[in-house]
Amino acid sequence: MITSLLLSALLSAGGDAPLPASPRLEILLNGSWQYAPGDVGWFSDTSLRVRVPGAFQHDDMVQEVCAWYRRTWNLPDALRDDGARWLLRFDKAGWYTRVDVNGTMVGENYGSYVPFEFEVTKALRFGEENELKVFVHAADSTHTLPGETIDDLHRVMGFRTGGRHNRNWVQIAGDVTLEKRPAHGIAYHRVETSVRNKTLRIVGELSCPPGTDPLQASVHDLETGKKVLDTELEVGETFEVTLPWADPILWGFGPYGTPHLYALRLVLQDQDGGTVDTVVSRFGFRELWYEGQTLLFNGKPFMMTAATIPYDFTPLPPYLYPYGMFEPHQFTRWCQALRAHGWNAVHNHFDSFGTGIYDVADELGMPVVAGLYCAGASWLTPNSKVDPRWPAFMHDQTKAWTKAIAGHSSVVLYSLIDGVPGPSPEWPLDKIHAQLDEAGAIRAIDETRPIVGGDVDFVKQGIAKIREEAARSFQDNGHPRFIKEVWAVDAGSGYATKAMPGFLAFMEKEKISGFVSFGKSFPTFPFHVTWPSDTGRGMRWQARFAPAGFTGWLNWCDPDQPLHQPSDVGDLLKEQYVARWGSPGETEPWVYPDILSESHGADTALVGIESLVLPGAPLRFTPVDSAGNAMLHVSYPGAVRLHALGSGPHRTMTLDAPRRRLPYAPGYQEVLTANWPATVPSPVAIRLEGTENAQHFPLLKIHLQRNGQDAGYVNVRFPEAIQATDTARRQVLKFYQDVWSPEWPAHLACEPVDLPVRWDTTDGRVAYTMQLDNGMVLHASATVTGAVVTLRYDLENHTPLTLEEVGIWNCIQMQLAPPLDDPLMDRTYCWTDRGFQLMRSLVPGFRPYTRDQAVNRRFSAYLPGIPKPYPENPYIVPHPGHPDDPDQRIWFWTVTNPIPRAAIATVSKDGTWAALTQGKGARGVWTNPGISCHHADPVGKPLPPKGRLTISNTLRFVEGSLPARLD
């Protein structure tokens, strides 16, 4: 059973909070993308959809050589900033990546180890839809290095490592973020903390305009929001300052500290006091260092027991980011299971997995042994060779990788490159290592963390043999002793269980500071994530199992599975560890929650989050999904404000999102549900009146007042027609009678209704009952609830026939309500898989008409699977006129794609309110621009003799933007 925590944490809602003027913001473009394997670059509505980020392969056994990705998103005009730069950042993609924005190529990148970005300022379109297309390609002769051709495939394999089927990431494997930054400002920064010296060091780089004032730096406690330090730095190309700090809360776990985070806030102002740039980043105060052979964590002896992800020895797809380890919630569960059984750190081993794991590890107090490259076992790269350009390429990649992750407190050790590709005769190992200088590349960026590797790297099948190998191989050269790889710490291995006590005793005696369990290591990992969020940061598991519109995204792991398999060796490791070095840490970690935003305005393009505890933290937005929802990750806990942006009014909501403990239980959910009010109480006052018009229709008049002022009235032909496929009922029903039959189009039949109708206006409703000539009885009623008018019809069948496809037509006319009159179709919308979209924008070849020209024109949209009553192609089709008046033909314009829900809406001329019509059971929507009307005409089930059928539709008046969720 899933244990869920869905907290409605709503504190306040409204549209009165302004959008902060921020020099930086982020739009996370993760989610559902179109996918086309191969170099086709062609997409259709039926294209395969996958999740990004995702370790996707079209076929488990065949790695794609190349593929295209595509997504679109609306960029509200409210985010336009003529003085800013916009950059598109990829946390991990490739090997080769080319990016097009709105048809313009904005850049290309080679390699998949480090993040990269392209400036897209000139290519973006504000106030409209933007298209992003990404081409990814495996490393090969012309796609391995820029401007280079490598004809030897075995040399190519040295760059991407692991062979064609492994580690050659032909996919978008990390977050995709569109970021706004100032034209000049803070280019880079990080924090270095020293427990030994009780100091905080801030270093960075600037790109400043002339006349910039000094940089203001402050440190804030993320738990309380209080400022604990501040200072001022002089401006230059670089900056550096060291501050004393006597009593910080130490970051770590168990005896070493708690997962307590601080935030550094840097503010760059001009001489007039205006803000040029602001950046905020998180950090924990900790230090890990060696004294001789002893590893100390925050001044206490530390025995590190790290684990990699649990491989299963299969040299094919399971090696591809197995089990979705670097989806953030999955990674949280993995760390939780590790700590429950004696492991206290993690190691990613053979590739950089993006920055996502470090964000989560920062929050959990989980140390990370950060690794960049592994040449791969012989069965992965049996013939790989070193290309002469490989050492220089990897040196540059190592520097860039170090710079990308050095700001994360969870990174406590760097792991050197694990081996090299098989050397070719012209490139012996000594020459390779002399040119590679990976330790020098790391130290050029970061001198504060220890580096492990070299002569302390062992790979053996079993922990008993590792002890013998270590005793023979360790050199007395003053280097710290660290065993980087131990294979086959197997959950079911009695052999490993027997060897574990002696192995740990040997490590303690020899002052070996830690080991990394590798291969088929405990705990095994039976549970899997479905698709918990689009928020990042991090990997997503097997994207093909999370199709577009997938709704299982709150289930972090399979609730029917345990978090891990029981393990004797795991229990023994924890027992031995606690006896020697103390607790490995909490099993119920503190986590920062996600927020699921529901029921905001359907014309909202983006939902963003603003920290109220830490003003100046970058605004972070994400596009809404096809259901109108958005998932955002809380990085700075406490009070936050959500912003809904789009074509309608800007709306806000304030929530309390504290950091919380994550219970040790399968299937648990830690999500705050932000329930936007479906509609703000409408100031539209409604009065109903029943009457008739010259065409002898029962006419419902809906009188409107808004803010105390007359807004005209909406006429409803109540009804305009009753329809049925039984053609024998055409004349006897005595209304405008449309016949849905295989012989469509059928002629319209018009006979007058015997009026006046006797109207009942009791209990605040308008109703009448009419008996038709054939014995059919129609009960019609209209009621008002708040800002919603419900139109209900009860039909009684007193004929001997079963009537099929019985439906009601209501012509809901807007032309006598001037704010809603829309003859040019520039404010009338229908519901699509992206929420409400302008109906005319979905019609090929649309052109506006005057009211007189548009009277006989109809704009239609149908649900999937509904047979069209006229040819579908071309999209502009004439409907034959009545035989008595052939010139009175109607021209149909039809939206290109089927709509998922029958809803049609018109926004007022000033954009502050809207009228929305829905029909339960309706086959589609349509409008006559000249009449400026709504049709979402409901259709009921078959009506047998002596049966009764109830069908209805609603007209509601909505303040602000259109609702995202339709009842």
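Let me start with one residue. Gln 34 is buried, at a relative accessible area of 8%. Buried here means under 20% relative accessible area, exposed means over 50%, and partly exposed is in between, with a 1.4 Å probe and protein chains only. Gln 34 sits in strand β4, residues 31-37. Helices (H or I, at least four residues) and strands (E, at least two) are DSSP runs, numbered from the N terminus.

A word on the source. This is a predicted model, where local features need pLDDT of at least 70 and side-chain atom pairs count only at pLDDT 80 or more, while totals for chains, interfaces and linings use all residues. Residues are numbered from 1 along each chain as its sequence is written, and side-chain values use heavy atoms, with hydrogens and water left out.

Back to Gln 34. What does its side chain join in a polar contact? The side chain of Arg 70, at 2.6 Å. A polar contact is a pair of N or O atoms within 3.5 Å; within protein, one must be able to donate a hydrogen and the other to accept it, and residues adjacent in sequence count only if both atoms are side-chain atoms. Arg 70 is also among the residues that Gln 34 touches, once those up to four places away in sequence are set aside. Others include Phe 43, Leu 48, Trp 68 and Tyr 69. Contact means heavy atoms within 4.5 Å.

Now the sheet around β4. Six strands form an open sheet, in the order β5-β4-β6-β12-β9-β10, with antiparallel pairing. Two strands pair if DSSP finds at least two bridges between them. At the edges stand β5 (48-52) and β10 (104-110). Each has a single partner strand, so one side of each is left without a neighbour in the sheet. The twist averages 25° from one strand to the next. Axes for that angle are lines fitted to C-alpha atoms, for helices over the stretch in contact, and angles run from 0 to 180 degrees between N-to-C directions.

Inside this sheet, β9 (residues 96-101) and β12 (residues 128-137) run antiparallel, joined by six bridges. Thr 97 has Val 136 of β12 as its bridge partner.

Next, the whole protein. There are ten helices and 57 strands. Of the 967 residues, 60% count as buried. Take the contacts with a separation of 6 or more: residues 24 or more positions apart account for 71% of them.

On to the cores. A nonpolar core is a set of buried Ala, Val, Leu, Ile, Met, Phe, Trp, Tyr and Cys residues joined through side-chain atoms within 4.5 Å. The largest one has 99 residues. Among those with the most contacts inside it are Phe 302, Met 304, Trp 390 and Trp 401. Helix α8 (residues 494-509) gives the largest share of this core, seven residues. A second, separate core has 40 residues, including Met 776 and Leu 803.

Leaving aside neighbours within four places in sequence, its contacts include Asn 344, Pro 367, Val 412, Phe 482 and Phe 515.

Helix α1, residues 153-160, is mostly covered, with six of its eight residues buried. Those are Arg 155, Val 156, Met 157, Gly 158, Phe 159 and Arg 160. They pack against α4 (390-405). Asp 152 caps the N-terminal end of α1, with a side-chain oxygen 3.0 Å from the backbone nitrogen of His 154.

How many disulfides are there? Zero, by the rule that a disulfide is a pair of cysteine sulfur atoms within 2.5 Å. Look at Cys 933. The closest cysteine sulfur, in Cys 811, is 4.1 Å from its own, too far for a bond. Cys 933 is buried, at 1% relative accessible area. Cys 66 is buried as well, at 11%.

Then a hairpin. Strand β45 (residues 777-785) runs antiparallel to β44 (residues 766-771), with six bridges. Val 766 has Ala 782 as its bridge partner. Nine bridges join β45 to β46 (residues 788-796), again antiparallel. Here Thr 783 is the bridge partner of Thr 790. The β45 and β46 hairpin has two residues between the strands, and Gly 786 takes a positive phi near 65°.

Last, Arg 661, in strand β39, residues 660-661. Is Arg 661 buried or partly exposed? Partly exposed, at 35% relative accessibility. Its side chain reaches the backbone oxygen of Glu 588 at 2.8 Å. Arg 661 and Thr 587 are 74 residues apart in sequence, yet 9.8 Å apart in space, C-alpha to C-alpha.
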